[in-house]
Amino acid sequence: MALPNGQVAPGIGQLPTANPSVLPAIASPLLMSELNLILVGPPGAGKGTQADRLRKDHDLPYYSTGDILRAAVKEGSPLGKEAGDYMKRGDLVPDEVMCEVIMERVDGEEAAGGFLLDGFPRTVRQAEVLSDRLDARGRDLTAALLIDAPDEEVIKRLSGRRVCAENQHTYHLLFNPPKREGVCDRDGSPLLQRDDDREETVAYRLRVFHDQTKPLIEWYESKGLLRHFDGSRAPDEVHQRISAALAELEEAA
Ligand code: AMP
């Protein structure tokens with residue numbers, strides 16, 4: 001994990017390469033390996049919530065393909081123009097486009113000491129491209145964190161989700177309503193429903209998840225990289241379980 005001073009912060013997979021008896025109390029930065037994580041799971045399972053915590057816990061650069069694409073659509077950039085229609089329908093944007101978007105970031109200076117990806121990879125093809133790229137750079141994926149939730153739960157969560165127009169602050173009509181109906185508590189901007197959170201589109205996104213992303217989960221499982229978490233539990237509990245799993249990986253490294 002790169003710090004502003006160029007050192008590497010403690011993280012997963014400390015690999016002692018020198019005589020351990022001469023190690024300082026805080027292990028030498030050179031002995032640390034990277035924390036390279038991806039979050040996988042159906043829409044609405046709580047990946048974003050857990051990502052917020054993980055990136056703070058481990059000071060990781062965070063790349064959410066959904067956020068990157070929505071910003072591109074809002075800006076009207078060439079990427080946004082290419083992706084907008086797929087997103088509205090709830091279809092996946094083509095692999096080549098997504099791989100280019102993410103490889104640029106994974107290879108960037110900011111992610112040199114580790115990264116957290118949310119929403120990528122979504123297909124086996126995307127996972128292969130990521131894996132080949134990391135291999136070529138002598139890097140490894142630490143784990144694929146699957147946050148799962150039953151379809152009914154996802155539909156309930158996403159169809160009640162509202163997002164503020166200005167800063168994408170998130171609310172839920174039942175579980176986390178704003179103080180004033182239809183208005184963001186934090187910046188006063190109107191609350192909107194994302195096009196792809198409408199009930200019929202959510203059902204379609206879930207179908208896409210089952211068809212295209214489930215094989216990806218099996219792919220990571222076969223490589224021993226998958227860690228499974230129940231996203232229908234309270235966010236604090238999911239966070240604790242993820243932290244415990246990461247600590248275990250660190251111990252095993
Ligand atoms: P999300 O916010 O992650 O649910 O993403 C919103 C939409 O962006 C998805 O329904 C897709 O249309 C598109 N998208 C995000 N990530 C990817 C990806 N890795 N591959 C293809 N499409 C993606």
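Student: How many aromatic pairs does the count come to by the rule?

Tutor: This is a predicted model, in which local features need pLDDT of at least 70, side-chain atom pairs count only at pLDDT 80 or more, and totals for chains, interfaces and linings use all residues. Residues are numbered from 1 along each chain as its sequence is written, and side-chain values use heavy atoms, with hydrogens and water left out. Rings of Phe, Tyr and Trp (its six-membered ring) pair if their centres lie within 6.5 Å. By this rule the count comes to one aromatic pair.

Student: Which residues form the aromatic pair, and is it stacked, tilted or edge-to-face?

Tutor: A pair of aromatic rings is described by the distance of the centres and the angle of the planes. Planes under 30 degrees apart count as stacked, over 60 as edge-to-face and the rest as tilted. With 5.1 Å centre to centre and 80° between the planes, Trp219 and Tyr220 form a pair that is edge-to-face.

Student: Which residue lies over the face of Trp219?

Tutor: A charge sits over a ring if NZ of Lys or CZ of Arg is within 6 Å of the ring centre and within 35 degrees of the ring normal. At 4.6 Å from the ring centre of Trp219, the residue over its face is Lys223.

Student: Does His169 count as buried or exposed, and why?

Tutor: His169 lies in the loop between strand S5 (161-164) and strand S6 (170-172); strands (E, at least two residues) and helices (H or I, at least four) are DSSP runs, numbered from the N terminus. Buried means under 20% relative accessible area, exposed over 50%, and partly exposed in between (1.4 Å probe, protein chains only). Because its relative accessibility is 16%, His169 counts as buried.

Student: Which side chain does a polar contact join to that of His169?

Tutor: A polar contact is a pair of N or O atoms within 3.5 Å; within protein, one must be able to donate a hydrogen and the other to accept it, and residues adjacent in sequence count only if both atoms are side-chain atoms. At 3.4 Å, the partner of the His169 side chain is that of Asp187.

Student: Which residues of H1 are buried, and where do they lie around the axis?

Tutor: Helix H1 covers residues 47-58. Its buried residues are Lys47, Gln50, Ala51 and Leu54. They cover an arc (of the directions from the helix axis to the C-beta atoms) of only 105°, which puts them on the same side of H1.

Technical notes:
Expected span 1.5 Å × (residues − 1).
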